[in-house]
Amino acid sequence: ELFVQYLATYSYKHGRGKEKNALTYSDLSHTAEECETFQFLADILPKKILASKYLKMLEKEKRDGEVGEDEEEDEDEEDEDE
């Protein structure tokens, strides 16, 4: 309970909470990302992104993965030739 209170207070003070007089998810995710004390929460409180950006990231990773697999296959074929 005290930990959650400390996280909320820290996020409010170091985020835009004072400007809006409210604590937002973005304040919490920014705190988790920037503050070393709360770094372990970065996976739990990720920054929000648009679905379109996420889909583009997945597509890029897929393309990069296919290129990486092709390179690995080429290396394997070269090893077999030797």
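1. In the residue classes used here, Ala, Val, Leu, Ile, Met, Phe, Trp, Tyr, Cys and Pro count as nonpolar, Asp, Glu, Lys and Arg as charged, and the others, Gly among them, as polar. By these classes, one nonpolar, five polar and four charged residues line the largest pocket.

2. This is a predicted model, in which local features need pLDDT of at least 70 and side-chain atom pairs count only at pLDDT 80 or more, while totals for chains, interfaces and linings use all residues. Residues are numbered from 1 along each chain as its sequence is written, and side-chain values use heavy atoms, with hydrogens and water left out.

3. The protein chain has four helices and zero strands (DSSP runs, H or I of at least four residues for helices, E of at least two for strands, numbered from the N terminus). Its pattern along the sequence is α-α-α-α. Of the 82 residues, 15% are buried (under 20% relative accessible area; exposed is over 50%, partly exposed in between, with a 1.4 Å probe and protein chains only).

4. The largest pocket has a volume of about 220 Å³. A pocket is an open set of points on a 1 Å grid over the protein atoms alone, where a 1.4 Å probe fits, with protein on both sides within 12 Å along at least five of seven lines; lining residues have an atom within 4 Å of a point. The volume is the space filled by probe spheres set on the points. The lining includes Gly15, Arg16, Asp27, His30, Lys47 and Lys48.

5. Two salt bridges are found in the whole structure (a side-chain nitrogen of Lys or Arg within 4 Å of a carboxyl oxygen of Asp or Glu). In one of them, glutamate 33 pairs with lysine 47, with the closest N and O atoms 3.7 Å apart. This pair links distant parts of the chain, 14 residues apart: glutamate 33 is in helix H3 (residues 25–34) and lysine 47 in the loop between H3 and H4. Glutamate 33 is partly exposed at 36% relative accessibility, and lysine 47 is partly exposed at 46%.

6. Arginine 63 and glutamate 59 also form a salt bridge, the closest N and O atoms being 3.7 Å apart. These residues are separated by about one helical turn because they lie four residues apart in helix H4. Arginine 63 is partly exposed at 45%, as is glutamate 59 at 49%.

7. Ile49, Tyr54, Leu55, Met57 and Leu58 form a nonpolar surface patch with about 480 Å² of accessible area together. Patch residues have over 30% relative accessible area and no salt bridge, with nonpolar side chains (Val, Leu, Ile, Met, Phe, Trp, Tyr) joined within 5 Å and like charges within 9 Å; areas come from the Shrake-Rupley method with a 1.4 Å probe. Leucine 55 lies in helix H4 (residues 51–81) and counts as exposed at 55% relative accessibility.
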